[in-house]
Amino acid sequence: MTQVLLGENEGLESALRRFKRQVSRAGILADVKNHRHFETPLEKRKRKAVAARRKRRMR
């Protein structure tokens with residue numbers, strides 16, 4: 001869970017910027033996009049195979 005505590009003289013805009021940065025670093029939005037709809041077992045296998053190929057290519 002991402003959480004931002006406001007400093008004493010900190011503005012809302014800077015706190016919101018910090019929150020957005022923490023959310024993007026944690027990968028929360030990417031995870032939400034991936035789980036937006038149901039994924040069939042076939043789609044899951046294909047996605048994992050593509051990721052494995054990409055990972056192998058990077059090495």
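Just after helix H1, Gly-27 takes a positive phi of about 80°, in what is a predicted model rather than an experimental one.

The secondary structure of the chain comes to three helices and zero strands, and from the N terminus on the elements run α-α-α. The table below gives the residue range of each helix.

| Helix | Residues |
|---|---|
| H2 | 28-34 |
| H3 | 41-58 |

The overall dimensions of the chain can be described in several ways. The C-alpha trace spans about 50 × 30 × 15 Å along its principal axes. The radius of gyration of the chain is 18 Å, whereas a compact globule of 59 residues would have a value near 10 Å. Buried residues make up 5% of the 59 residues in the chain, and the accessible surface comes to about 6000 Å², of which 55% belongs to carbon and sulfur atoms.

Is Ala-52 buried, partly exposed or exposed? Its relative accessible area is 33%, and because buried means under 20% and exposed means over 50%, with partly exposed in between, Ala-52 counts as partly exposed.

The largest pocket has a volume of about 160 Å³. Which residues line the largest pocket? The lining consists of Asp-31, Lys-33, Asn-34, His-35, His-37, Phe-38, Glu-39, Lys-44 and Arg-47. Helix H2 and helix H3 each supply at least two residues of this lining, and H2 gives the most to it, with three residues. Sorted by class, the lining of the largest pocket has one nonpolar, three polar and five charged residues.

Note on methods: Residues are numbered from 1 along each chain as its sequence is written. This is a predicted model: local features need pLDDT of at least 70, side-chain atom pairs count only at pLDDT 80 or more; totals for chains, interfaces and linings use all residues. Side-chain values use heavy atoms; hydrogens and water are left out. On a 1 Å grid over the protein atoms alone, a cavity is a set of points where a 1.4 Å probe fits but cannot get out, and a pocket is an open set with protein on both sides within 12 Å along at least five of seven lines; lining residues have an atom within 4 Å of a point. Grid points are joined across faces, edges and corners, and a volume is the space filled by probe spheres set on the points. Helices (H or I, at least four residues) and strands (E, at least two) are DSSP runs, numbered from the N terminus. Ala, Val, Leu, Ile, Met, Phe, Trp, Tyr, Cys and Pro count as nonpolar, Asp, Glu, Lys and Arg as charged, and the others, Gly among them, as polar. The radius of gyration is taken over C-alpha atoms; the globule rule is 2.2 Å times the number of residues to the power 0.38. Buried means under 20% relative accessible area, exposed over 50%, partly exposed in between (1.4 Å probe, protein chains only). Accessible areas come from the Shrake-Rupley method with a 1.4 Å probe; for residues, only the protein chains shown count as cover.
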